[in-house]
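Dear colleague,

I am handing over the structure that we talked about, and below it you will find some notes on what turned up. Please read them with the structure open beside you.

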Amino acid sequence: VEPPLAVLLLLAALTGARRGELCALRWSDVDFKAGTLTIARSVYETERGGWGEKGTKGHQVRKIGLDGLAIEALRRHRDATMATARDLHLKIPPDAFLFSRSPVGSEPIRPDWLTKFTLRMAAKAKVDTHLHALRHFSATQAIAAGFDPVTVGGRLGHGVGEDRKHVCL
(Lines give C-alpha, C1' and ligand atoms only; values in the text may rest on other atoms or scores of the structure.)
Protein backbone atom coordinates (compact mmCIF):
# COMPACT_ATOMS: atom_id res chain seq x y z
CA VAL A 1 0.00 0.00 0.00
CA GLU A 2 1.22 3.48 -0.75
CA PRO A 3 2.08 5.03 2.65
CA PRO A 4 -0.01 8.22 2.14
CA LEU A 5 -3.07 6.14 1.33
CA ALA A 6 -2.46 3.94 4.35
CA VAL A 7 -2.58 7.13 6.46
CA LEU A 8 -5.79 8.17 4.71
CA LEU A 9 -7.42 4.80 5.46
CA LEU A 10 -6.23 5.01 9.06
CA LEU A 11 -7.83 8.46 9.39
CA ALA A 12 -11.03 7.08 7.88
CA ALA A 13 -11.13 4.37 10.55
CA LEU A 14 -10.20 6.69 13.43
CA THR A 15 -12.36 9.70 12.53
CA GLY A 16 -15.32 8.26 10.64
CA ALA A 17 -15.03 11.10 8.11
CA ARG A 18 -16.79 10.74 4.78
CA ARG A 19 -14.68 10.01 1.69
CA GLY A 20 -15.14 13.48 0.20
CA GLU A 21 -14.20 15.04 3.55
CA LEU A 22 -11.04 12.93 3.72
CA CYS A 23 -10.09 13.93 0.19
CA ALA A 24 -10.64 17.62 1.03
CA LEU A 25 -8.34 17.67 4.07
CA ARG A 26 -5.57 20.28 3.91
CA TRP A 27 -2.48 20.71 6.05
CA SER A 28 -4.04 23.85 7.50
CA ASP A 29 -6.82 21.60 8.93
CA VAL A 30 -4.36 19.74 11.18
CA ASP A 31 -3.43 21.24 14.54
CA PHE A 32 -0.57 19.07 15.76
CA LYS A 33 -0.22 21.02 19.01
CA ALA A 34 -3.89 20.69 19.99
CA GLY A 35 -4.21 17.22 18.47
CA THR A 36 -7.24 18.14 16.39
CA LEU A 37 -8.45 17.90 12.83
CA THR A 38 -10.91 20.38 11.33
CA ILE A 39 -13.35 19.01 8.81
CA ALA A 40 -14.81 21.92 6.89
CA ARG A 41 -15.32 20.87 3.28
CA SER A 42 -15.77 18.01 0.88
CA VAL A 43 -14.33 17.21 -2.56
CA TYR A 44 -16.63 16.09 -5.35
CA GLU A 45 -16.00 15.03 -8.92
CA THR A 46 -17.43 16.98 -11.83
CA GLU A 47 -19.02 15.49 -14.95
CA ARG A 48 -16.04 16.41 -17.11
CA GLY A 49 -13.51 14.58 -14.95
CA GLY A 50 -12.50 17.52 -12.82
CA TRP A 51 -13.14 18.20 -9.17
CA GLY A 52 -14.62 20.86 -6.93
CA GLU A 53 -15.06 21.67 -3.27
CA LYS A 54 -18.23 22.26 -1.32
CA GLY A 55 -19.32 22.31 2.29
CA THR A 56 -19.73 19.09 4.24
CA LYS A 57 -22.91 17.07 3.86
CA GLY A 58 -24.35 18.64 7.01
CA HIS A 59 -23.03 22.11 6.08
CA GLN A 60 -21.08 22.26 9.30
CA VAL A 61 -17.50 22.68 10.37
CA ARG A 62 -16.37 20.25 13.04
CA LYS A 63 -13.16 19.91 14.97
CA ILE A 64 -12.39 16.43 16.16
CA GLY A 65 -9.76 15.15 18.54
CA LEU A 66 -7.05 12.81 17.29
CA ASP A 67 -5.28 10.15 19.29
CA GLY A 68 -1.52 9.62 19.42
CA LEU A 69 -1.60 7.06 16.61
CA ALA A 70 -3.31 9.50 14.23
CA ILE A 71 -0.99 12.38 15.18
CA GLU A 72 2.12 10.24 14.69
CA ALA A 73 0.89 8.91 11.35
CA LEU A 74 0.15 12.46 10.18
CA ARG A 75 3.57 13.68 11.36
CA ARG A 76 5.32 10.92 9.44
CA HIS A 77 3.18 11.61 6.38
CA ARG A 78 3.98 15.34 6.62
CA ASP A 79 7.71 14.65 7.00
CA ALA A 80 7.74 12.30 3.98
CA THR A 81 5.74 14.78 1.90
CA MET A 82 8.09 17.62 2.84
CA ALA A 83 11.16 15.48 2.07
CA THR A 84 9.82 14.63 -1.39
CA ALA A 85 9.08 18.28 -2.13
CA ARG A 86 12.51 19.30 -0.83
CA ASP A 87 14.20 16.69 -3.06
CA LEU A 88 12.33 18.16 -6.03
CA HIS A 89 13.17 21.75 -4.96
CA LEU A 90 9.49 22.52 -4.43
CA LYS A 91 7.65 24.29 -1.63
CA ILE A 92 4.40 23.00 -0.16
CA PRO A 93 1.90 25.77 0.61
CA PRO A 94 0.15 25.68 4.03
CA ASP A 95 -3.21 25.02 2.39
CA ALA A 96 -1.98 22.05 0.32
CA PHE A 97 -4.09 18.89 0.31
CA LEU A 98 -2.96 16.21 2.75
CA PHE A 99 -3.57 13.48 0.22
CA SER A 100 -2.57 14.35 -3.30
CA ARG A 101 -0.81 12.79 -6.26
CA SER A 102 0.95 16.15 -6.70
CA PRO A 103 4.21 16.56 -4.74
CA VAL A 104 3.02 20.00 -3.58
CA GLY A 105 -0.56 18.94 -2.79
CA SER A 106 -2.11 21.10 -5.49
CA GLU A 107 -5.10 18.85 -6.08
CA PRO A 108 -6.85 16.22 -3.98
CA ILE A 109 -7.13 12.49 -4.34
CA ARG A 110 -10.51 12.00 -6.04
CA PRO A 111 -13.31 10.29 -4.07
CA ASP A 112 -14.10 7.69 -6.75
CA TRP A 113 -10.42 6.83 -7.11
CA LEU A 114 -10.21 6.37 -3.32
CA THR A 115 -13.24 4.07 -3.34
CA LYS A 116 -11.75 1.94 -6.13
CA PHE A 117 -8.36 1.83 -4.40
CA THR A 118 -10.00 0.65 -1.17
CA LEU A 119 -11.90 -2.08 -3.00
CA ARG A 120 -8.70 -3.26 -4.71
CA MET A 121 -6.83 -3.39 -1.39
CA ALA A 122 -9.71 -5.23 0.30
CA ALA A 123 -9.81 -7.79 -2.53
CA LYS A 124 -6.04 -8.22 -2.33
CA ALA A 125 -6.34 -8.84 1.42
CA LYS A 126 -9.30 -11.18 0.77
CA VAL A 127 -11.58 -9.04 2.93
CA ASP A 128 -15.13 -8.29 1.85
CA THR A 129 -15.44 -4.61 2.76
CA HIS A 130 -15.57 -1.08 1.37
CA LEU A 131 -14.46 2.42 2.37
CA HIS A 132 -17.77 3.42 3.99
CA ALA A 133 -17.44 0.46 6.37
CA LEU A 134 -14.60 2.36 8.10
CA ARG A 135 -17.13 5.07 9.01
CA HIS A 136 -19.31 2.44 10.67
CA PHE A 137 -16.23 0.91 12.35
CA SER A 138 -15.33 4.31 13.82
CA ALA A 139 -18.83 4.82 15.22
CA THR A 140 -18.99 1.30 16.64
CA GLN A 141 -15.59 1.66 18.32
CA ALA A 142 -16.54 5.01 19.85
CA ILE A 143 -19.80 3.62 21.26
CA ALA A 144 -17.95 0.56 22.60
CA ALA A 145 -15.42 2.88 24.27
CA GLY A 146 -18.26 4.51 26.20
CA PHE A 147 -18.95 7.67 24.19
CA ASP A 148 -22.60 8.66 24.09
CA PRO A 149 -24.44 8.49 20.75
CA VAL A 150 -24.86 12.29 20.49
CA THR A 151 -21.09 12.84 20.78
CA VAL A 152 -20.42 10.07 18.27
CA GLY A 153 -22.99 11.54 15.89
CA GLY A 154 -21.37 14.96 16.20
CA ARG A 155 -17.96 13.50 15.46
CA LEU A 156 -19.38 11.88 12.33
CA GLY A 157 -20.96 15.13 11.19
CA HIS A 158 -24.57 14.39 12.00
CA GLY A 159 -26.42 17.62 12.82
CA VAL A 160 -26.95 18.48 16.48
CA GLY A 161 -29.29 21.36 17.14
CA GLU A 162 -29.37 24.89 15.75
CA ASP A 163 -25.67 25.76 15.91
CA ARG A 164 -24.32 22.90 13.77
CA LYS A 165 -20.79 24.04 14.56
CA HIS A 166 -19.24 22.14 17.42
CA VAL A 167 -16.19 20.49 18.83
CA CYS A 168 -16.20 16.71 19.10
CA LEU A 169 -13.44 15.24 21.20
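How many aromatic pairs does the structure hold? There are two aromatic pairs, and please bear in mind throughout that they come from a predicted model.

A pair of aromatic rings is described by how far apart the centres are and by the angle of the planes. For W51 and F97, the ring centres are 5.4 Å apart and the planes stand at 85°, and because planes over 60 degrees apart count in this way, the pair is edge-to-face. W51 belongs to strand β4 (residues 51-54), whereas F97 sits in the loop between α3 and α4, so this pair ties together parts that are 46 residues apart in sequence. The two partners can also be described by their accessibility: W51 counts as partly exposed, at 28% relative accessibility, while F97 counts as buried, at 3%.

The other pair is formed by W113 and F117, whose ring centres lie 5.6 Å apart with the planes at 10°, so this pair is stacked. Both residues are in helix α4, and because they are four residues apart there, about one helical turn separates them. W113 is partly exposed, with a relative accessible area of 23%, and F117 counts as buried, at 4% relative accessibility.

The buried residues of α4 are P111, L114, F117, T118 and A122; seen down the helix axis, they fall within an arc of 135°, so they line one face of the helix. On the face turned away from that buried side, α4 carries the exposed residues K116, A123 and K124. Just after the helix, K126 takes a positive phi of about 60°.

Finally, there is the largest pocket, which holds about 380 Å³ of space. Its lining is made up of 24 residues, and those that lie nearest its centre are P4, H77, T81, L98 and S100. Helices α1 (3-15) and α3 (68-87) each supply at least two residues of this lining, and α3 gives the most, with six residues.

With best wishes

Technical notes
Residues are numbered from 1 along each chain as its sequence is written. This is a predicted model: local features need pLDDT of at least 70, side-chain atom pairs count only at pLDDT 80 or more; totals for chains, interfaces and linings use all residues. Side-chain values use heavy atoms; hydrogens and water are left out. On a 1 Å grid over the protein atoms alone, a cavity is a set of points where a 1.4 Å probe fits but cannot get out, and a pocket is an open set with protein on both sides within 12 Å along at least five of seven lines; lining residues have an atom within 4 Å of a point. Grid points are joined across faces, edges and corners, and a volume is the space filled by probe spheres set on the points. Buried means under 20% relative accessible area, exposed over 50%, partly exposed in between (1.4 Å probe, protein chains only). The arc is that of the directions from the helix axis to the C-beta atoms. Rings of Phe, Tyr and Trp (its six-membered ring) pair if their centres lie within 6.5 Å; planes under 30 degrees apart count as stacked, over 60 as edge-to-face and the rest as tilted.
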